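Good morning, and thank you for coming. Please look at the model on the screen while I take you through its main features.

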Amino acid sequence: MINRKLAKILSKRYLILASLLLIAALGLVLLPSYQKNENITAEDLLAKVINPERYITSDILADNIITNDPSIILVDVREVDAYAKYTLPNAINIPLSDILNEDYQGYLDQDRYNIILFSNENFKADQAWLLLNRLGYYNLHVLKGGINGWYNTILNPPKPTEDMPNEAYELYNFRRAAGLHFGVGIKAKEKKIVKKVVKRIVPKPKKKKRKPEGGC
Amino acid sequence: MKELEKTKRISISTVLFILVLVIGVLTFKQPRNVYKKTQEETLTAIKSTDYLVHLEDIVNKNPVIIDVRSKSEYTISHIENAINIPTAEILENKSISLLNDVKNTGETSFIYGKNPEEANSSWMLLYQLGYDNMKILNVETHHIDNKLVVRNYSLEKPIANYADIFKTIAPEKIEKVKKTVPKPRKKVIPVKKKKKRKPEGGC
């Protein structure tokens with residue numbers, strides 16, 4: 001009896017299996033559309049945001065520029081007129097509003113150089129950093145404090161007071177020297193040098209009157 | 001006999017196929033947070049400064065305020081009725097459900113930190129995840145005597161005309177100079193003076 005029933009079911013096993021497959025296939029159609037995060041998930045991006053590694057201090061940057069570090073590209077994300085007034089040496093200008101422009105992707109989407117983004121402060125540079133990181137780009141950094149920070153540390157460092165440790169004096173001297181390298185006070189100095197230069201006067205040898213040479 | 005083996009193989013393979021499908025469906029996992037705005041949309045949002053709000057604009061409105069500073073700073077003092085969600089915890093289930101609640105009520109929430117820069121990263125992240133009902137409080141906050149002082153902040157403002165510094169006089173003499181290239185010594189070539197000769201006489 002049982003055997004017969006089993007045989008009956010078994011004879012229909014292809015039908016059962018086929019219908020199962022069909023149901024599974026239909027189920028696939030009904031699945032919610034697959035949502036995917038391109039390049040980087042929100043969690044990974046947050047982990048990157050929290051990581052203070054993205055900031056580079058102006059002292060380190062100054063050292064890198066002075067030693068001609070070939071691995072850095074400075075990117076100024078301010079507008080064109082601000083860039084024209086003052087920018088860091090050898091910086092290129094990519095305004096924040098054009099940061100997703102295809103023309104600039106060649107600069108930004110690469111893994112050979114360290115890109116250092118900066119603006120007047122951290123704000124715009126951070127925004128650019130976040131946008132570019134979402135595209136999955138590598139080696140992006142932000143100048144801590146932006147140009148304001150640069151101005152306060154390298155170009156116009158506060159003089160250490162007497163109760164400060166020796167390191168503060170060393171840092172101050174380094175910053176002064178770096179500032180000098182970037183041209184603070186150079187102009188005035190040149191003028192002084194110009195004054196110092198003594199005109200060389202080539203003395204014209206006066207011809208002495210010779211005594212008339214006598215004949216024999 | 002041979003035919004029977006063939007059918008067996010077919011049925012086994014079908015069963016396996018179905019199994020694979022079932023396992024696939026069961027392990028199907030949606031990412032928890034999905035970006036709802038593209039980079040371009042975010043960029044246009046950044047370009048307009050609508051998302052920056054001063055403190056005066058939100059007084060008397062009893063809005064939802066989110067504090068992204070650390071817990072310790074929050075416990076010292078915070079803006080009244082502010083909710084503390086440190087930046088690091090912004091994507092945790094608890095905070096996401098809270099943000100969803102706020103979004104569903106249709107209210108606007110305001111983020112603040114030590115300065116707008118601190119609030120910026122959480123704001124941008126959440127904006128891209130679709131929470132477009134948020135704004136940044138354009139203020140800087142710090143503690144004085146365990147009380148929170150909130151001041152309006154002028155963002156991205158240059159502290160000085162940078163180019164002016166290059167017109168200033170030379171800095172005072174530097175005692176210790178790091179990393180300077182030693183100057184080559186000037187070679188002084190002494191010029192020998194020619195001795196005056198006595199005028200040569202005639203014969």
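I begin with the sheet of chain A, an open one in which five strands follow the order β1-β5-β4-β2-β3 with parallel pairing. Strands pair here if DSSP finds at least two bridges between them. Helices (H or I, at least four residues) and strands (E, at least two) are DSSP runs, numbered from the N terminus. At the edges of the sheet stand β1 (55-56) and β3 (92-93) of chain A, each pairing on one side only.

A word on the source: this is a predicted model, in which local features need pLDDT of at least 70 and side-chain atom pairs count only at pLDDT 80 or more, while totals for chains, interfaces and linings use all residues. Residues are numbered from 1 along each chain as its sequence is written, and chains are lettered from A and ligands numbered from 1 in the order in which they are written.

To return to the sheet, β1(A) is joined to β5(A) in the parallel sense over two bridges. Within this region, A:I56 stands opposite A:L143 of β5(A). Across β4 (114-118) and β5 of chain A lies α7(A), which runs at about 175° to β5(A). That angle is taken between N-to-C directions on a scale from 0 to 180 degrees, with axes fitted as lines to C-alpha atoms, for helices over the stretch in contact.

Chain A as a whole has ten helices and five strands. Of its 216 residues, 27% are buried. A residue is buried if 20 or more other C-beta atoms lie within 10 Å of its own, exposed if 12 or fewer, and partly exposed in between, with C-beta atoms placed from the backbone.

How many residues does each chain bring to the contact between A and B? Chain A gives 57 residues and chain B gives 56 residues; two residues are in contact if their C-beta atoms, placed from the backbone, lie within 7 Å. On the side of chain A that touches chain B, the largest share, seven residues, comes from α7(A).

Finally, I turn to two backbone details. Most residues other than glycine have a negative phi. A:N139, not a glycine, has a positive phi of about 50°. This residue is in the loop between α7 and β5 (140-143) of chain A, and A:N139 is partly exposed, with 15 other C-beta atoms within 10 Å. In chain B, B:N81 also has a positive phi, near 65°. B:N81 is exposed, with 9 other C-beta atoms within 10 Å.
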